Amino acid sequence: MLARVVDQGLTALVQGTGSAIDTREIVTELAAVGTHVVDVEHMLNRTLFTACAAYCYARSAASGACKSDEVLTQEINAAYDRQRRLAQEHRS
């Protein structure tokens, strides 16, 4: 969506829209969209980490293995890193 908004904004600047455009307003709106995208990314990262933690704790409890928090933290971080890597590979 951000790419489409930027593309349309640049096209409007180059070709004109038939009406006066306030460039500052466009820049302000694009900055606001960019800020919201960053906020959503942070929230998704926290959600992914929470899901990885829930999965690792549930798996440990289901298996009856009384793992320490240190061991579970390592597993959680490994699961989180693995999911982030897979998401990045999927984008490429």
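Glu89 comes out as partly exposed, at 47% relative accessibility (buried is under 20% relative accessible area, exposed over 50%, and partly exposed in between, using a 1.4 Å probe and protein chains only). Its salt-bridge partner is Arg85, with the closest N and O atoms 4.0 Å apart; a salt bridge here puts a side-chain nitrogen of Lys or Arg within 4 Å of a carboxyl oxygen of Asp or Glu. Both residues sit in helix α3, four residues apart, or about one turn of the helix (helices are DSSP runs of H or I with at least four residues, numbered from the N terminus). Arg85 is partly exposed too, at 43%.

The model is a predicted one, where local features need pLDDT of at least 70, side-chain atom pairs count only at pLDDT 80 or more, and totals for chains, interfaces and linings use all residues. Residues are numbered from 1 along each chain as its sequence is written, and side-chain values use heavy atoms, leaving out hydrogens and water.

The salt bridges come to three by this rule. Arg59 pairs with Glu75, the closest N and O atoms being 3.1 Å apart. That pair links distant parts of the chain, with Arg59 in helix α2 and Glu75 in helix α3, 16 residues apart. Glu75 also pairs with Lys67, at 2.7 Å between the closest N and O atoms. Arg59 is partly exposed at 37%, and Lys67 is partly exposed at 32%.

Ser60, in helix α2, counts as buried because its relative accessibility is 6%. Leaving aside neighbours within four places in sequence, Ser60 is in contact (heavy atoms within 4.5 Å) with Ala65, Lys67 and Leu72.

How values were computed
Helices (H or I, at least four residues) and strands (E, at least two) are DSSP runs, numbered from the N terminus.
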